[in-house]
Amino acid sequence: MKRLLKENFLLFLLGGFAYYYIEVLWRGFSHISMVLCGGCCFVSVGRITSFLKNKVSLLMQMFIGSCTITIIEFLTGAIVNLWLHLNVWDYSDVPMNLLGQICLKYSVFWFFLTVPCMKVYDWIEENVFSV
């Protein structure tokens, strides 16, 4: 149990900081809440797609991963933007958005981002944690 917590914590940090820096590259800035959001996304998508790897197609894994990231991003946005009023992001001007927190454009981006996410996650599981 302790080992699993350590692994999840390290994966959480890796995913969190990767998400944070992707946003810095994309928008020029980010917010600490994106580390939390990204960590949750990376661990969740990694665990889900590892479980589904031999059960469903890659496209279905990508779709489920994208939905997972979109849901986590919505929950993060609901907390940091709508509830705490930190105004970290606002997609209100982007077509097909929900409360300005998520939009189809970025859900499609997440769809394609799940592949490198899965590959990195699997590599870490096989080469770091299985040793």
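His85 is found in the loop between helix 3 and strand 1, the strand being residues 97–98. The model described here is a predicted one. Phi of His85 is near 55°, a positive value in a residue other than glycine. Most residues other than glycine have a negative phi. With a relative accessible area of 57%, His85 is exposed, because the cut-off for exposed is over 50%.

Met96 lies in the loop between helix 3 and strand 1 as well. Phi of Met96 is near 60°, again a positive value in a residue other than glycine. Met96 counts as exposed, at 63% relative accessibility.

A further loop residue is Gln101, located between strand 1 and strand 2, the latter being residues 102–103. Gln101 counts as buried, with a relative accessibility of 2%. Its surroundings can be listed by name. Leaving aside neighbours within four places in sequence, Gln101 is in contact with Glu73, Phe74, Gly77, Ala78, Asn81, Leu82, Trp89 and Tyr91.

**Packing of the helices**

Two packed helices are described by the angle between their axes and the distance between the axes. Helix 2, which spans residues 33–52, packs against helix 3, which spans residues 58–83, at an angle of about 155°. The axes of helix 2 and helix 3 are 9 Å apart. Helix 2 and helix 3 are therefore roughly antiparallel to each other, since an angle over 145 degrees counts as roughly antiparallel. The crossing in which helix 2 passes helix 3 is right-handed.

On the side of helix 2, the residues that meet helix 3 are Ser33, Met34, Cys37, Cys40, Cys41, Ser44, Val45, Ile48, Thr49 and Leu52. Their counterparts in helix 3 are Gln61, Ile64, Gly65, Thr68, Ile69, Ile72, Glu73, Thr76 and Val80. By residue type, this contact of helix 2 with helix 3 divides into eleven nonpolar, seven polar and one charged. Glu73, a member of this contact, is also one of the residues in contact with Gln101.

Helix 2 packs with helix 4 too, at an angle of about 80° and with the axes 9 Å apart. Helix 2 and helix 4 are therefore roughly perpendicular to each other, because angles of 65 to 115 degrees fall in that class. In helix 2, the residues taking part are Phe42, Val43, Val45, Gly46, Arg47, Thr49 and Ser50. In helix 4, they meet Thr114, Cys117, Met118, Val120, Tyr121, Asp122 and Glu125. The residues of the contact of helix 2 with helix 4 divide into seven nonpolar, four polar and three charged. Val45 and Thr49 of helix 2 are named in the contact with helix 3 and in the contact with helix 4.

**Salt bridges**

The count of salt bridges comes to four.

| Residues | N to O distance |
|---|---|
| Arg3 and Glu7 | 3.0 Å |
| Glu23 and Arg27 | 3.5 Å |
| Arg47 and Glu125 | 3.8 Å |

Arg3 and Glu7 both lie in helix 1, residues 2–27, and are four residues apart, about one turn of the helix. Arg3 is partly exposed, with a relative accessible area of 49%, whereas Glu7 counts as buried at 9% relative accessibility.

Glu23 and Arg27 are likewise placed in helix 1, four residues apart, about one turn of the helix. Glu23 is buried, its relative accessible area being 11%, while Arg27, at 29% relative accessibility, counts as partly exposed.

The salt bridge formed by the side chains of Arg47 and Glu125 links distant parts of the chain, with Arg47 in helix 2 and Glu125 in helix 4, residues 104–129. Arg47 and Glu125 are 78 residues apart. Arg47 counts as partly exposed at 28% relative accessibility, and Glu125 is partly exposed with a relative accessible area of 21%. Both residues also belong to the contact of helix 2 with helix 4.

**A residue of helix 1**

Val24 lies in helix 1. With a relative accessible area of 25%, Val24 is partly exposed. Not counting residues up to four places away in sequence, Val24 touches Phe29 and Ser30.

Definitions and conventions. Residues numbered from 1 in each chain as written. Predicted model: local features only at pLDDT ≥ 70, side-chain atom pairs only at ≥ 80, totals over all residues. Heavy atoms only, no water. Axes fitted to C-alpha atoms, helices over the stretch in contact; angles between N-to-C directions. Helix = DSSP H or I, 4+ residues; strand = E, 2+ residues; numbered from the N terminus. Parallel < 35°, antiparallel > 145°, perpendicular 65-115°, else oblique. Left-handed = near helix turned anticlockwise from the far one by under 90°. Contact = heavy atoms within 4.5 Å. Nonpolar A, V, L, I, M, F, W, Y, C, P; charged D, E, K, R; others polar. Buried < 20%, exposed > 50% of the residue type's maximum accessible area, 1.4 Å probe, protein only.
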